[in-house]
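Q: I would like a close look at one part of this model, with the cut-offs stated.

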Amino acid sequence: MTYPASPESAPLESAPLESAPLESAPLESAQLAHMPLASVLHDLAWTIQRLDPVEGLGIERIPAPELTILKEVDRNPGISVRAMAGLLAMQPSNVSASVRSLVQRGLLTRTPSAADRRVAELNVTGQMVRNRRRIEAAWSSRITEALGKLPEDAAAQLVSAAPALALLMDELRLQS
């Protein structure tokens, strides 16, 4: 089974899972049942990022790893680079390089911790908060428009799944 280069070229119905060669240990039935969900979530995240609306907002495009770091700093004010690397399962040197770039662009601040001056605490700037609100409003507008074109029951199911998806994200992060 080959995978399409992008979600646009994906067939509307997926091929049976049994036709996919699996090189790892045999999968349990629960794993097989959840594979379509994992694939759809991955493709949806990719599509949302690809349709990133920043050009129309006059905001500089932020690479996905840096955007992820910004969102996590916003959720965890004062987090350190090392803690961020652990949370995101990234190398500390990669997080540090991204943080340096974000500080230079005025989107993050890096201040010494009061508890340990060797550790820097990260925080988002007012500019980042303003940019995030504008980007999220554009994402929301685009998603609201797409939801409006779906059958009403499908749109309601997607909206009601948001809290469960957030719990799934948290659980996956705990596993890393």
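Which helix gives the most to the lining of the largest cavity?

A: Helix α6 gives the most to that lining, with 5 residues; helices are DSSP runs of H or I with at least four residues, numbered from the N terminus. The model is predicted, so local features need pLDDT of at least 70 and side-chain atom pairs count only at pLDDT 80 or more, while totals for chains, interfaces and linings use all residues. Residues are numbered from 1 along each chain as its sequence is written, and side-chain values use heavy atoms, with hydrogens and water left out.

A search of the whole structure finds 1 cavity of 30 Å³ or more. A cavity here is a set of points, on a 1 Å grid over the protein atoms alone, where a 1.4 Å probe fits but cannot get out; lining residues have an atom within 4 Å of a point. The largest cavity has a volume of about 40 Å³, the volume being the space filled by probe spheres set on the points, which are joined across faces, edges and corners.

The lining consists of Leu67, Lys71, Met128, Arg132, Ile135, Glu136 and Trp139. At least two lining residues come from each of α3 (64-75) and α6 (126-148). By class, the lining has 4 nonpolar, no polar and 3 charged residues. In this scheme Ala, Val, Leu, Ile, Met, Phe, Trp, Tyr, Cys and Pro count as nonpolar, Asp, Glu, Lys and Arg as charged, and the others, Gly among them, as polar.

How values were computed:
1 Å grid on protein atoms, 1.4 Å probe; cavity = no way out; pocket = protein on both sides within 12 Å on 5 of 7 lines; lining within 4 Å.
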